[in-house]
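Colleague: I am new to this structure and would like to learn how to read it. Please show me, and then take me through some features one by one.

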Amino acid sequence: MTVCGIEKKGIKGNSGKARRNRELKRFGIVLATCVIVILIHEVFNAGEESNSNQRHGHYHQRGEHALRQSGRDYKLPTINYQALSKEEQTNLVVRGKAHLIDVKISRSGIQNVDSYHGVIGVFCQLDWSLHKSDPSSYPMFRDLVAQSPSCRNPFELDLKQVINIIRKDEEDSTNSNTSHTLYPTGFVFHESRCGSTLVANSLAAMNPSRHRVYSESSPPIEALRACGFEGEECPEGRSVELFRDVIHVMGRTESVDEKHLFFKIQSIGSRYLPVFLEAFPDTPWVYVYREPVQIMMSQLANGEDRANCVRQLRDVPRSRIDKLLEVGKEVHDLSSVEKCALHLSLLCESATRALFESGMLGRPVNYENIVQKLIQHIIPDHFGVLMTDAEKDNILQVASKYSKGRGGKKREWNEDSNQKEMRASKGIRHAAEYFLKEWYDIMEEQSQNEYYGEGAHDLSV
């Protein structure tokens with residue numbers, strides 16, 4: 001027999017009493033030593049786990065999954081989805097154990113008169129504990145997907161078939177499982193480079209166990225863009241149907257703690273606000289914007305040719321083209337700085353029109369003092385989510401960090417608005433004034449109004 005690597009030999013019956021006592025004593029010492037070593041090992045590991053939770057569990061946690069969500073040493077197992085049947089894969093989605101991470105849209109399929117078909121959903125199990133425990137390190141949805149082990153080999157299902165099964169499950173009163181669908185609490189649209197990621201991080205950090213936040217996930221924007229800016233490229237109501245279905249599937253959860261669902265949409269999604277307003281006419285939303293010169297400086301910080309605002313300029317409305325022609329310019333003649341400003345102005349124009357249309361449900365939010373606005377007004381009053389002092393502290397804590405602190409970029413946040421103002425070139429100032437100032441002024445005025453509609457502007461261009 002071997003104990004702790006030491007062989008315990010049999011004690012012969014004809015050995016002397018003293019010999020037997022010596023053998024028993026030696027064995028007792030070895031056994032006691034092994035027990036002590038094991039106890040020390042367990043205590044050391046417990047201390048390491050406690051320290052890990054203190055390092056990575058940044059925010060106050062509540063609910064039955066708090067320990068898991070606060071400990072980033074916890075890793076979800078990798079699942080071999082390909083070994084499962086379609087029925088088993090579908091059941092994972094219905095039970096909220098697998099999540100929609102992408103959609104593949106058939107152009108012909110969404111043109112079907114009765115309902116769309118051929119829209120394929122891509123699914124895997126997201127490790128939500130990563131984003132919930134440290135949103136600044138996983139600021140975008142793509143970061144969460146990349147770091148979720150089970151998302152290395154996702155599976156695909158027909159989206160319409162999945163949504164039909166989910167709705168049948170919701171109607172079945174005999175179900176005893178805890179899976180349910182979260183209705184969106186609020187949406188965040190934005191001008192880009194204006195503090196929108198800070199808004200998303202704040203919503204996640206405020207109460208990690210109760211809040212789920214999708215920060216620029218792929219499925220919603222793909223659904224919004226499928227049928228054009230106002231859904232005019234598909235049968236009537238198709239873009240709304242597709243967008244609702246995507247949001248519905250993404251709201252499935254197995255957590256009894258999760259109560260609030262938020263979406264931060266990519267900046268280009270602001271041009272598709274008409275589709276959103278038709279799909280969710282009763283859901284509050286905000287549009288985050290920033291002073292024109294400051295946002296131009298932020299957009300162009302890595303070079304004019306690499307700026308997203310330049311690359312994303314497309315589908316310029318005829319009214320804007322005519323306005324440029326009045327001053328002897330055409331879109332292709334514009335400088336990179338001017339193209340950037342024009343693109344941003346199209347986002348702001350779309351948002352401004354949507355703000356007037358949606359009334360109290362839409363709110364413009366200036367980047368300046370945005371954290372205090374979230375705490376004092378936007379979250380408790382507009383989104384209707386009351387917060388405790390501990391939750392306010394969570395927001396203040398995450399706001400002190402750089403919002404996109406993935407990898408080596410993790411650092412404390414330093415305000416730089418004044419520096420941007422001082423460094424701005426004459427060309428940037430002129431483009432900001434010509435293309436953006438008008439829309440900025442309108443949103444500034446509306447952000448001060450008690451409700452929208454009073455003193456409405458003439459938005460004809």
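Modeller: Start with one term: a polar contact is a pair of N or O atoms within 3.5 Å. Keep in mind that the model is predicted.

Colleague: What does the side chain of His211 reach?

Modeller: The His211 side chain comes to 2.7 Å from the backbone oxygen of Leu203. His211 itself is part of strand β8, which covers residues 211–215.

Colleague: Is His211 buried or exposed?

Modeller: Buried means under 20% relative accessible area. His211 has 2% relative accessibility, so His211 counts as buried.

Colleague: Which residues does His211 touch, leaving out those up to four places away in sequence?

Modeller: For contact, heavy atoms must lie within 4.5 Å. On that basis His211 touches Lys132, Leu203, Met206, Glu258, His260, Phe262 and Val385.

Colleague: Now a helix. Which residues of α3 are buried?

Modeller: Helix α3 spans residues 86–94, and its buried residues are Gln89, Thr90, Leu92, Val93 and Val94. Their cover includes the strands β4 (120–124), β5 (155–158) and β9 (252–253), along with the helices α6 (159–171) and α9 (238–250).

Colleague: What comes just after α3?

Modeller: Gly96, with a positive phi of about 75 degrees.

Colleague: And the chain as a whole: how many helices and strands does it have?

Modeller: There are 18 helices and 12 strands. The chain has 461 residues, of which 51% count as buried. Taking contacts between residues at least 6 apart in sequence, 79% join residues at least 24 apart.

Note on methods:
Residues numbered from 1 in each chain as written. Predicted model: local features only at pLDDT ≥ 70, side-chain atom pairs only at ≥ 80, totals over all residues. Heavy atoms only, no water. Buried < 20%, exposed > 50% of the residue type's maximum accessible area, 1.4 Å probe, protein only. Helix = DSSP H or I, 4+ residues; strand = E, 2+ residues; numbered from the N terminus. Polar contact = N/O pair within 3.5 Å; in protein donor to acceptor, adjacent residues only side chain to side chain.
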